[in-house]
Amino acid sequence: MYKSVVRPLLFSLDAETAHKVVLQTGHVAQALGLSGMLRQFSVFEDAKLETELFGLKFKNPIGLAAGLDKNFEALSIWQALGFGFIEAGGVTVHPQKGNPRPRIFRLPQDQAIINRMGFPSEGLEVVVPRATRYHSSYRKPGDLLAINVAKTTKVSMDEAPSDFAQTFEALHEVGDLFIVDVSCPNTGEIAKLQEKNKLKEILLAIKEKNRERKPLLVKLGPDLSPTELGTLIEVCFECELDGIVATNTTSKREGLSSPERLQSQQGGLSGKPLFQRARSVVAQIYAETGGRIPIVAVGGISNCNDVVDMMLAGASLVQIYTALIYEGPLLVQQLKKDLTQFLNTNNLKSVNDLVGNMALKEALRV
Ligand SMILES: Cc1cc2nc3c(=O)[nH]c(=O)nc-3n(C[C@H](O)[C@H](O)[C@H](O)COP(=O)(O)O)c2cc1C
């Protein structure tokens with residue numbers, strides 16, 4: 001139904017218009033109270049998929065990645081699709097338009113997207129009341145909300161730490177975990193934000209506001225050299241972060257078969273072609289940390305093999321975004337079912353048994 005009817009309709013629209021249609025449909029469905037009904041279609045659960053991290057209980061390890069719902073418009077609907085956690089944002093303090101349109105491009109031949117959104121955000125004034133309403137009216141026990149915190153573009157790099165901290169503080173009561181995004185390739189600031197001392201300043205400024213000790217993670221990009229990544233991992237240890245999200249979109253264009261006019265669009269590439277790059281970042285983080293910092297893997301995950309592959313490389317949780325666009329919302333259910341079947345077939349008691357499991361990796365030769 002999604003691939004034969006909904007996707008062709010959405011793909012007949014320009015990518016950002018389609019995105020808006022999806023968000024508005026979600027928003028209306030949420031207002032009509034349809035998330036409860038939707039949940040009945042996504043009831044598949046299995047105790048083997050449960051995991052506990054950062055002092056939180058995840059019903060399953062499959063999360064929604066940042067960027068789909070930047071302004072908290074339909075959170076209960078995404079949650080109702082059966083995710084173990086959803087990530088909203090990136091949120092900035094001040095409202096901002098982002099880059100000029102067009103700024104999202106589909107690459108169907110590669111099952112990929114290039115976006116250069118540049119953090120369009122309605123800002124805290126709009127997002128905080130929506131987040132509070134979600135928290136009080138729509139959220140169900142066991143639902144977990146991650147919030148992606150981004151830098152307001154017009155704010156100088158000197159003021160970046162207090163800008164991030166302000167967003168964190170405004171939302172810290174309603175989020176279960178927080179992800180500091182310093183790896184967006186679309187604002188021209190990625191190198192400065194991923195610079196060791198700046199990152200430390202940002203993380204410490206946020207930590208200072210973290211009265212409730214909410215789990216704090218940083219989201220890194222896939223285009224760092226192994227040395228640069230190693231340095232940032234050290235910063236994460238020094239700042240006693242709770243976890244690392246790997247990765248954001250890539251500025252690289254490798255192994256694409258889409259026409260040149262699409263490949264050459266500026267922006268961050270997501271979807272299938274990102275998978276290997278993201279996976280090797282996850283593997284490096286796991287190898288360097290010996291599993292002491294939980295990793296959330298994101299980048300090109302589109303089926304159960306990808307989930308398993310990321311977890312064997314060291315991820316404790318995974319997230320998806322682009323695959324949802326190509327495969328549709330039932331993908332979440334499918335991943336949970338397939339993952340349970342995989343665990344059963346391999347006599348594993350829990351999804352946790354996959355994390356960094358070298359012996360199984362060898363046996364499966366993935
Ligand atoms: C249109 C679009 C907007 C995004 N916006 C954000 C964002 O605001 N913050 C962020 O950390 N990541 C953002 N991302 C990156 C995703 O969260 C994810 O890291 C990336 O798309 C790789 O995962 P995927 O291949 O499953 O899509 C965005 C991605 C897309 C496609």
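In this predicted model, the ligand is surrounded by 27 residues, and the closest of them are Gly67, Gly90, Ser270, Tyr321 and Thr322. By class, this shell divides into 12 nonpolar, 12 polar and 3 charged residues. Several elements of secondary structure contribute at least two residues each to the shell, namely strand E4 (85-91), strand E6 (112-115), strand E11 (268-271) and helix H13 (322-327).

Turning to the overall fold, the protein chain has 15 helices and 13 strands. Its C-alpha atoms fill a box of roughly 55 × 50 × 45 Å when taken along the principal axes. For 366 residues a compact globule would have a radius of gyration near 21 Å, and the 19 Å of the protein chain agrees with that expectation.

The packing of helices can be examined pair by pair, since two packed helices are described by the angle between their axes and the distance between the axes. The table gives these values.

| Helix pair | Crossing angle | Axis distance |
|---|---|---|
| H8 (residues 196-208) and H9 | about 25° | 10 Å |
| H9 (residues 226-238) and H11 (residues 275-289) | roughly 50° | within 11 Å |
| H12 (residues 304-313) and H14 (residues 331-345) | roughly 60° | within 9 Å |

The crossing in which H8 passes H9 is right-handed. On the H8 side the contact is made by Lys196, Leu199 and Lys200, and on the H9 side by Thr231, Leu232, Val235 and Glu238. These residues divide into 3 nonpolar, 1 polar and 3 charged.

Helix H9 also packs against H11, with axes that cross at roughly 50°, and the two helices are therefore oblique to each other. This crossing of H9 and H11 is right-handed. Here Pro226, Leu229, Gly230 and Ile233 of H9 meet Val281, Gln284, Ile285, Glu288 and Thr289 of H11, a contact that by class has 5 nonpolar, 3 polar and 1 charged residues.

For H12 and H14, the axes cross at roughly 60°, so that these helices are likewise oblique to each other, and H12 passes H14 in a right-handed crossing. Cys304, Val307 and Val308 in H12 meet Leu335, Asp338, Leu339 and Phe342 in H14. The residues of this contact comprise 6 nonpolar, no polar and 1 charged.

Conventions
Residues numbered from 1 in each chain as written. Predicted model: local features only at pLDDT ≥ 70, side-chain atom pairs only at ≥ 80, totals over all residues. Near = placed C-beta within 6 Å. Helix = DSSP H or I, 4+ residues; strand = E, 2+ residues; numbered from the N terminus. Nonpolar A, V, L, I, M, F, W, Y, C, P; charged D, E, K, R; others polar. Axes fitted to C-alpha atoms, helices over the stretch in contact; angles between N-to-C directions. Parallel < 35°, antiparallel > 145°, perpendicular 65-115°, else oblique. Left-handed = near helix turned anticlockwise from the far one by under 90°. Contact = placed C-beta atoms within 7 Å. Rg over C-alpha atoms; globule rule 2.2 N^0.38 Å.
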